[in-house]
Amino acid sequence: MADNSEISENPETSEVSVQLKNTQHPVKVRQHIIFYGNVQGVGFRYRSVYAARSLGLTGWVRNEWDGTVEMEVQGSKTDIYKMIAMINKGNYVMIENMKAKNIPLEDHEYDFRVV
């Protein structure tokens, strides 16, 4: 039997059951996010790069003239949420609000960078 299954037997009834494990990869998404709050001049962009690269995410981040930070990030939603939590744990960073929307995937992007 393949490694993606689990076999169990009930000793009282001798019934055998096979349960397939979830072998699907997480769905990849790309999000465009605007961050509001104390997000400029506090290491937000470089913390973003570190967090994204450690989680295998791709995309970019940049400061905007109005004091917000704009980001496009691609990967699983779970990893994107982890990245945001890692950024927000930083000293002086305080994300007060963010607006996110799903956008089309970028096929040939292999890194996360400050632009």
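## Terms and model

A residue is called buried when its relative accessible area is under 20%, exposed when that area is over 50%, and partly exposed in between, using a 1.4 Å probe and protein chains only. By this definition H32, at 15% relative accessibility, counts as buried.

This is a predicted model, in which local features need pLDDT of at least 70, side-chain atom pairs count only at pLDDT 80 or more, and totals for chains, interfaces and linings use all residues. Residues are numbered from 1 along each chain as its sequence is written, and side-chain values use heavy atoms, with hydrogens and water left out.

## The sheet

Helices (H or I, at least four residues) and strands (E, at least two) are DSSP runs, numbered from the N terminus. Five strands form an open sheet with mixed pairing, in the order β6-β3-β5-β4-β7. β6 (94–103) and β7 (112–114) stand at the edges with a single partner strand each, so one side of each has no neighbour in the sheet. On average, neighbouring strands of this sheet are turned by 20° against each other, direction ignored.

Two strands pair if DSSP finds at least two bridges between them. In general, strands of a sheet pair through backbone hydrogen bonds, either parallel or antiparallel. β3 and β5 pair in the antiparallel sense over eight bridges, and Q31 stands opposite V73 in β5.

## The helices

Contact means heavy atoms within 4.5 Å. Axes are lines fitted to C-alpha atoms, for helices over the stretch in contact, and angles run from 0 to 180 degrees between N-to-C directions. α1 lies across β3, β4 (58–63), β5, β6 and β7, and runs at about 170° to β7. α2 lies across β3, β5 and β6, and runs at about 140° to β5.

## The nonpolar core

A nonpolar core is a set of buried Ala, Val, Leu, Ile, Met, Phe, Trp, Tyr and Cys residues joined through side-chain atoms within 4.5 Å. In soluble globular proteins, nonpolar side chains tend to be buried together. The largest nonpolar core here has 21 residues, and those with the most contacts inside it are F35, F44, M71, V73 and M83. At least two residues of this core come from each of β3 (28–38), α1 (44–55), β5 (69–76) and α2 (77–88).

Not counting residues up to four places away in sequence, M71 touches several residues, including F35, F44, S48, M83 and F112. S48 lies in helix α1 and is buried, with a relative accessible area of 0%. Leaving aside neighbours within four places in sequence, S48 is in contact with V61, M71, M83, I87 and F112.

## Polar contacts

A polar contact is a pair of N or O atoms within 3.5 Å; within protein, one must be able to donate a hydrogen and the other to accept it, and residues adjacent in sequence count only if both atoms are side-chain atoms. H32 lies in strand β3, and a polar contact of 2.5 Å joins the side chains of H32 and E70. A polar atom of the S48 side chain lies 2.8 Å from the backbone oxygen of F44.

## Two loop residues

Q40 is in the loop between β3 and α1 and is partly exposed, at 28% relative accessibility. A polar atom of the Q40 side chain lies 2.8 Å from the backbone oxygen of E64.

P104 is in the loop between β6 and β7 and is exposed, with a relative accessible area of 67%. P104 and R30 are 74 residues apart in sequence and 6.3 Å apart in space, C-alpha to C-alpha.
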